[in-house]
Amino acid sequence: MNQKVPTFKSFFASGHWKEPPSPFDRPDPVNPFNVTGKTQANDPMNAEQLDLATWPLFHRMSTLGLLVDVDRMKALKTEVEGLAEEQAVLIEELTDFPMNPASGDDVARYMVDMGYAGKRTKGKTRLATDERSLAAHPDDPVLEAVIALRGFNKLLNTFIDPVLVKAEKPPHTIHPRW
C-alpha cells in the first residue's frame, strides 16, 4: 500500500483539530471540563478531539524515535529488581513451604491451606490466582506480596528489559508502535 503519511501541517490544515477552549470560557466554572462521566456531542473537549489532538505527537515520536536515558533505565531496573527481591524474601519468610509466586498451583495451594474460597480456574481444578482473585483477600500479607512481586516482574519483563535491549546501541532511541 502506497499511502501518504500525514504531516503536522496537513493534519492541522484539514480542520480535524481545533484549539481546545480555555476552562475560563466554559459555562460552569466549578466543573469546566464537564467531568461527569458523560460526554456531550457538541462538547469540544470530547475524547475524539483529544485523540485527534495527540495523534501528531505520537506519530512524530514513532517516526523520530524516543531518546532513552540508558543509565537511568539501568538504575530503574536495579531499583525494581531490589523491590522484587524484597517481596520474594517476604513471601519466603511468611510461608511454611517453598512457594513460587509465579506458579498458580503453588499460590492456589497456599490459598487452600489458608482456607480461602473463591473463583476457580476454567477447568475447575484449582482456585484462580489472577490479580483480582488475590486482591479479594486484602488482609493476607503473602497474597499482597505475590501481587506486588508479579507487578514488579511485569515491569521488568514487559517494559524495562525490552526498552534496554532496543536502546542498547547509539543513538539510544526506540521507535514505539502505539
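Helices, in what follows, are DSSP runs of H or I with at least four residues, and strands are runs of E with at least two, both numbered from the N terminus. Alanine 88, for instance, is found in helix α3.

Good morning, colleagues. The model shown is a predicted one: local features need pLDDT of at least 70, side-chain atom pairs count only at pLDDT 80 or more, and totals for chains, interfaces and linings use all residues. Residues are numbered from 1 along each chain as its sequence is written, and side-chain values use heavy atoms, with hydrogens and water left out.

I begin with the overall layout. The protein comprises six helices and two strands, and along the sequence these follow the pattern α-α-β-α-α-α-α-β. Of its 178 residues, 27% count as buried. Here buried means under 20% relative accessible area, exposed means over 50%, and partly exposed lies in between, with a 1.4 Å probe and protein chains only.

Let me turn to the interior. A nonpolar core is a set of buried Ala, Val, Leu, Ile, Met, Phe, Trp, Tyr and Cys residues joined through side-chain atoms within 4.5 Å. The largest such core has 25 residues, of which Met99, Val107, Tyr110, Met111 and Val146 touch the most other members. Helices α3, α4 (104–113) and α6 (141–166) each supply at least two residues of this core. The largest share, nine residues, comes from α6.

I return now to alanine 88. This residue is partly exposed, with a relative accessible area of 27%.

My next topic is charge pairing. Side chains of opposite charge can pair when their charged atoms come close. A salt bridge is counted when a side-chain nitrogen of Lys or Arg is within 4 Å of a carboxyl oxygen of Asp or Glu. The structure holds four salt bridges, and I shall describe some of them.

In one, the side chains of aspartate 161 and lysine 77 meet at 3.0 Å, N to O. Aspartate 161 lies in helix α6 and lysine 77 in helix α3, so the pair ties together parts that are 84 residues apart in sequence. Aspartate 161 is partly exposed at 23% relative accessibility, and lysine 77 is partly exposed at 24%.

Another joins arginine 109 to aspartate 106, with the closest N and O atoms 2.7 Å apart. Both residues lie in helix α4, three residues apart, which is about one turn of the helix. Are these two partners buried or partly exposed? Arginine 109 is partly exposed at 41%, whereas aspartate 106 is buried at 15%.

A further salt bridge links lysine 119 with aspartate 130, the closest N and O atoms being 3.5 Å apart. Both residues are in the loop between α4 and α5 (131–135), so the pair ties together parts that are eleven residues apart in sequence. Aspartate 130 is partly exposed, with a relative accessible area of 31%.

Finally, I come to glutamate 86. Its place is in helix α3 (residues 70–94), and glutamate 86 is exposed, with a relative accessible area of 51%. Together with Glu85, Glu92 and Glu93, Glu86 forms a negative surface patch. In such a patch, residues with over 30% relative accessible area and no salt bridge are joined when like charges are within 9 Å. Asp and Glu count as negative.

Methods:
Patch = residues over 30% accessible without salt bridge, like charges linked within 9 Å, V, L, I, M, F, W, Y side chains within 5 Å. Areas by Shrake-Rupley, 256 points an atom, 1.4 Å probe, with all protein chains shown as cover. Charge placed at Lys NZ, Arg CZ, Asp CG, Glu CD.
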